[in-house]
Amino acid sequence: PRVLPCQHTFCARCLEQWRTEQNQFTCPTCRHKVHNKTPALKDHLVKLHNTQPEYCPEHTDQRLTFYCQPCAKLVCRDCTIAEHRPGKKHNPQEVRKVAQEYKNKLQTLVGKTKDVAEALKKTSN
């Protein structure tokens, strides 16, 4: 996943496709202008927020509502009982909880980055 300066996230492939279709690169969600030197575009991309629920390829009637952090994989309820049972190798948690935790961490990092940028501006003057 890649995070843009506006905090929207997308998969790399989706961003690359979007970027090649646009004269001036903007966030697909909010249309915030993104500069080519944005770090997110160099090594990271962001996942598009899909409005359609995603279903498990193994259990096709089950939505992907859990995230197994050690595997870095979305899984369904049935997967948490079978292949991703909580224990030493797996730790499935609700997607909403994990997403909020990552969002909070990203916002903290952005805040720290802004503070450092401010400090650097003051020292360069």
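A residue counts as exposed when its relative accessible area is over 50%. Ala72 reaches 52% in this predicted model, so Ala72 falls in the exposed class. Ala72 also has a positive phi, about 55°, although it is not a glycine. The residue sits in the loop between β3 (64–68) and β4 (73–76).

That loop belongs to a hairpin. β3 and β4 form the hairpin with four residues between them, and Ala72 lies in the turn. The two strands run antiparallel and are joined by four bridges. Cys68 stands opposite Lys73 of β4.

β3 also pairs with β5. This pairing is antiparallel as well and spans three bridges. Within it, Tyr67 has Gln93 of β5 as its bridge partner. Strands of a sheet pair through backbone hydrogen bonds, in a parallel or an antiparallel sense.

Together, three strands make up an open sheet. Their order is β4-β3-β5, with antiparallel pairing. β4 and β5 (92–94) are the edge strands, each pairing on one side only. Neighbouring strands of the sheet are turned against each other by 45° on average, direction ignored.

A helix accompanies the sheet. Helix α4, residues 95–124, lies across β3, β4 and β5. The helix runs at about 85° to β5.

Side-chain interactions were then examined. A search of the whole structure finds one salt bridge. The side chains of Arg77 and Asp78 form this contact, with an N to O distance of 3.0 Å.

Aromatic rings were considered next. The structure holds zero aromatic pairs. A charge does sit over a ring, however: Lys105 lies over the face of Tyr102. The distance from the ring centre is 5.6 Å. This value meets the distance limit because NZ of Lys must be within 6 Å of the ring centre.

Conventions. Residues are numbered from 1 along each chain as its sequence is written. This is a predicted model: local features need pLDDT of at least 70, side-chain atom pairs count only at pLDDT 80 or more; totals for chains, interfaces and linings use all residues. Side-chain values use heavy atoms; hydrogens and water are left out. A salt bridge is a side-chain nitrogen of Lys or Arg within 4 Å of a carboxyl oxygen of Asp or Glu. Rings of Phe, Tyr and Trp (its six-membered ring) pair if their centres lie within 6.5 Å; planes under 30 degrees apart count as stacked, over 60 as edge-to-face and the rest as tilted. A charge sits over a ring if NZ of Lys or CZ of Arg is within 6 Å of the ring centre and within 35 degrees of the ring normal. Buried means under 20% relative accessible area, exposed over 50%, partly exposed in between (1.4 Å probe, protein chains only). Two strands pair if DSSP finds at least two bridges between them. Axes are lines fitted to C-alpha atoms, for helices over the stretch in contact, and angles run from 0 to 180 degrees between N-to-C directions. Contact means heavy atoms within 4.5 Å.
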